[in-house]
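Trainee: I have just opened this one and would like to go through it with you. Could we start with the helices and then move on to a sheet?

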Amino acid sequence: MGPDPHGQALIPTLLEVKLSMSMRTFALRIAGICLLAVTVLPGCQQDKPGAPTPQVVTTKSGIEMVAIPGGPFEMGSKGESPDETPVHKVSVSPFWMDRYEVVQEEFRKHQFADPSHFKGPKQPLDQINWTDAAMYCNERSRAEGLKPCYDERTWECDFSADGYRLPTEAEWEYACRAGSSTQYGFGNGAASLKEYAWYADNSSKTTHPVGQKKPNAWGLYDMHGNVAEWCNDRYAETYYQQSPDKDPRGPAEGKERTLRGGAWNSSPESCRSAYRASDPAIDDTCLANDAIGFRCVRSAPAGLGQVDGGGAMESQPKSQTGFVYHDIYEEHKTTPGHPESPRRLTAIIGRLKACGLYTQLKHLTPQAASLNWIQTIHSPAYVERAKSSCEQGEEYLDSPDVPISRKSYEAAMTAAGGVLSAVDAIVRGDIRNAFCAVRPPGHHAIRDMAMGFCIFNNVAIGARYIQQKHNLAKVLIVDWDVHHGNGTQAAFYEDPSVLYFSVHQYPFYPGSGSEAEKGRGKGLNYTINVPLPAGSDDSDYIDAFEHRLRPAAMSFSPDFVLISAGFDAHEHDTLGSMKVTTEGFGTLSGIVKQIAEQCCKGRLVSVLEGGYGLDGLAASVEAHLRVLMG
Ligand SMILES: [Zn+2]
């Protein structure tokens, strides 16, 4: 029988395990110094100067849109196809556009039957006819208390309504160009098209989850390819010869509606910004083809999304990766010589400054989490005990394994708060992902007790916050700390809304984490433990991530990904006995980042847990951040 994952510390404390290993550690540290001397650092990434930044807004129902300021642009192309001529100057009013094509999971929320040929919750709708797309716009408007744009008998669009609708062709092309006047948003010629679009040459004859390719300069994804997108306009080949120059909305009559953007089966030519196509699939008995989907727009609400200067947007933020840190984290003092010391954070920050990454991060200074969020995971009595123990100057909390100082409670509250601030910034669209350099760590802390250097379970609190504050239902937690995250496992052991994946040294502190611990009740199979013997290396970890984590995560399809990022499986760590290299942590980071991109638009918050060899820790955090920022 395995140890009880909910239970007490049954085995030696984390620190006792460490002391018994000190001789081995010493030898490895010498090796570490030699290795570091020959490490070549890749150059730091440069930002594109002056690129505009998207102003991302999240709607009441949690859908990301880009607030696009109105402005003039040159619509059409010179002679590439008769229906694209003449090139003419058009100006459009401010509007909001979906950042991603409408996905199947979202469509089904409104009780619609999913017509898509290529199934997948995060894949765009396909085989959707124009009328059903317009119907969805109306339902989404009603769900948010907005006035529907479409008359459901005539399907005429009321542009004065504040609800969702399909874009006009002019809005679509303006958004696709994102300030460019070239064939594609990224330039002339299709050489880079594969980085931005799924089309005939790279799609393997299917659609793909939205948001995997690079966005355009305004932060819109898949404009050049995945599925072609319905526009509101009726189609006429000669329309550009007589269209108005302000907010053109297509001809009054016509049996076909316009399609824009490339699809998975398109040639590079038909992925161009100005390319026009049409389809008669307006009759709702008629199935559209499996390369047609859509995205919504709405007219910009007064006072929002309107930026002075007709298209001028704020300059690009330095980074799309957040870095959470607060000075209070270094005020959590442990006993002299304790491996979980403030020097860990000093080492990380020193390294990031030395290599130049520090100034490229978006720095977030958090507040303490409020009690109600802490208490989603911990009992009020325990939280009170943590507070009073610190205030009274006790040496440790619950066990000698968790030394504390007077500021430790505030540090622990702010460590949890750090995760919440990163989550908020991602949901707001300020950043794409984040790393939280917090202390004390969290993943051993259980409901009623501190354990293994941990006071509050930062990642578990973050998961509940994501669900309850932001209404994102499913959270994946990837825990690659060398120790099993018994506290996190216990918090979600019977909960199928959180998939907990841990790879760890076994047997080892805290004793739990056998393969047989898989969850219970409704949570059965939503806990995945991959215990590995001491001495496991990059290939063992990558194997676990590729063959155990990836398939489980893809079928779970999380709405948000958290990493319990301990770096104590590093080959030079002073507590763990694993052989993961700095580069190995970069590879693992890449796999998790890719899962987040494929499942949840890249939403990922990584939270520091362990990592006690200062050089290996700092180098691994750098490698981790390079991947998150890339
Ligand atoms: Zn650890």
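Trainee: How many of the 16 residues of α15 are buried?

Mentor: Of its 16 residues, 13 are buried, so α15 is mostly covered, where buried means that 20 or more other C-beta atoms, placed from the backbone, lie within 10 Å of the residue's own. Please keep in mind that this is a predicted model, in which local features need pLDDT of at least 70, side-chain atom pairs count only at pLDDT 80 or more, and totals for chains, interfaces and linings use all residues. Residues are numbered from 1 along each chain as its sequence is written.

Trainee: What does α15 reach from its first C-alpha to its last?

Mentor: Helix α15, residues 614-629, reaches 22 Å, close to the 22 Å expected, the expected span being 1.5 Å times one less than the number of residues. Helices (H or I, at least four residues) and strands (E, at least two) are DSSP runs, numbered from the N terminus.

Trainee: And α10, is it mostly covered or mostly open?

Mentor: Helix α10 is mostly covered, with 17 of its 21 residues buried. It spans residues 408-428 and reaches 30 Å, close to the expected 30 Å, and just after α10 comes Gly-429 with a positive phi of about 90 degrees.

Trainee: Switching to the sheet, what order do the strands have?

Mentor: The open sheet has 4 strands in the order β1-β2-β5-β10, with antiparallel pairing, and two strands pair if DSSP finds at least two bridges between them. The edge strands, each pairing on one side only, are β1 (55-58) and β10 (297-299).

Trainee: How many bridges join β1 to β2?

Mentor: There are 4 bridges between β1 and the antiparallel β2, residues 64-68, and Thr-58 stands opposite Glu-64 in β2.

Methods:
Buried ≥ 20, exposed ≤ 12 C-beta atoms within 10 Å, placed from the backbone.
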